[in-house]
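Thanks, everyone. I have one structure to go through today, so let me put it on the screen.

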Amino acid sequence: MERAMSREDLGEDVLRELDKVSEVAAHLWERGWAERNGGNISVDLTAIADRLPTTPDAVTVTMKDLPREAGGRTLFVTGAGERLRDLRPPMRAGGIVRFDDAANGYRVLWSAGGPSGFRATSELPSHLRIHLDLSSRNGEHRAVVHCHPTDLLALSHHPRFGIDEELLTRTLWAMLPEVRVFVPSGIAIAPYALPGSSVLAELTVEGLRKADVVLWSKHGAVAMGGDVREAFDLIDVAEKGAAILLRCLSAGYDPVGLSDDQLRELERKFDL
Ligand SMILES: [Zn+2]
């Protein structure tokens, strides 16, 4: 039987991405956006991990209805039921999986606890759909983060902001200049759908085609980026806008917000 891959076998490029995952997972835990096994992270490593061997005797975990293009793809994913706070080194909560060429399922290439006990998050279908959509449109985006940012999630329960993505985006842009500049395509709202369902996956893909952050109604948020730090930043900045809005509403007044002229001035300066 072949020796299971150790962390060192993964190579510098992959380890660099895993270090970023640990860093972002720690932020998510500290911010209170990843309670228990809430939240998940994936990184498409196909371009930098194609040399990693598939252990010949690794069991294939079958998955139904995988898109054909999933075949051969290599992803880092968080594990089913695992806690994001356990993504700090040695990263017990994550693993690297590769989909077989016929896209009937995946085999575990590496996980800190050994490949046999690892199972990918139930949100893998959503993450996979997003990665496939991204790579067909824009090869630069490789990381997807889902978490439960408290104030954005609270706004998804709001009778107006929670159902009108244009109103939500315009209002959060007006809370502070950074939201307009660093969440330039705004926030899309996906109506509530069962976690892990293909309906939710489809809504998420649609949302990310037009917006930087997708707010899963009454559940959480998803963003993508060139790496996990970029994806985290998008949610973090949007969440700041949500926190300011809720702080003003809680204090009993409607925020004045940046004016249309002030927003246009930012758009000119930053070429938005
Ligand atoms: Zn969730």
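At what angle do the axes of helix H1 and helix H7 cross? They cross at roughly 20° and come within 9 Å. H1 covers residues 12-30 and H7 covers residues 228-250. The axes are lines fitted to C-alpha atoms, for helices over the stretch in contact, with angles running from 0 to 180 degrees between N-to-C directions. H1 and H7 are therefore roughly parallel, a label for angles under 35 degrees.

Two notes on the source. This is a predicted model, where local features need pLDDT of at least 70, side-chain atom pairs count only at pLDDT 80 or more, and totals for chains, interfaces and linings use all residues. Residues are numbered from 1 along each chain as its sequence is written.

Now the helix contact. From H1, Lys20, Val21, Val24 and His27 meet Val228, Arg229 and Phe232 of H7; contact requires C-beta atoms, placed from the backbone, within 7 Å. By class, these residues are four nonpolar, one polar and two charged.

Next, the domains. Domain 1 spans 7-122 and domain 2 spans 149-269, with bounds from an automatic or database domain assignment. Their centres, taken over C-alpha atoms, are 27 Å apart. Ten residues of domain 1 and seven residues of domain 2 form the contact.

On the domain 1 side, the elements giving two or more residues are H1 and strand E1, 40-44; helices (H or I, at least four residues) and strands (E, at least two) are DSSP runs, numbered from the N terminus. H1 supplies the largest share of that side, five residues.

Definitions and conventions
Angles under 35 degrees count as roughly parallel, over 145 as roughly antiparallel, 65 to 115 as roughly perpendicular and the rest as oblique. Two residues are in contact if their C-beta atoms, placed from the backbone, lie within 7 Å. Ala, Val, Leu, Ile, Met, Phe, Trp, Tyr, Cys and Pro count as nonpolar, Asp, Glu, Lys and Arg as charged, and the others, Gly among them, as polar.
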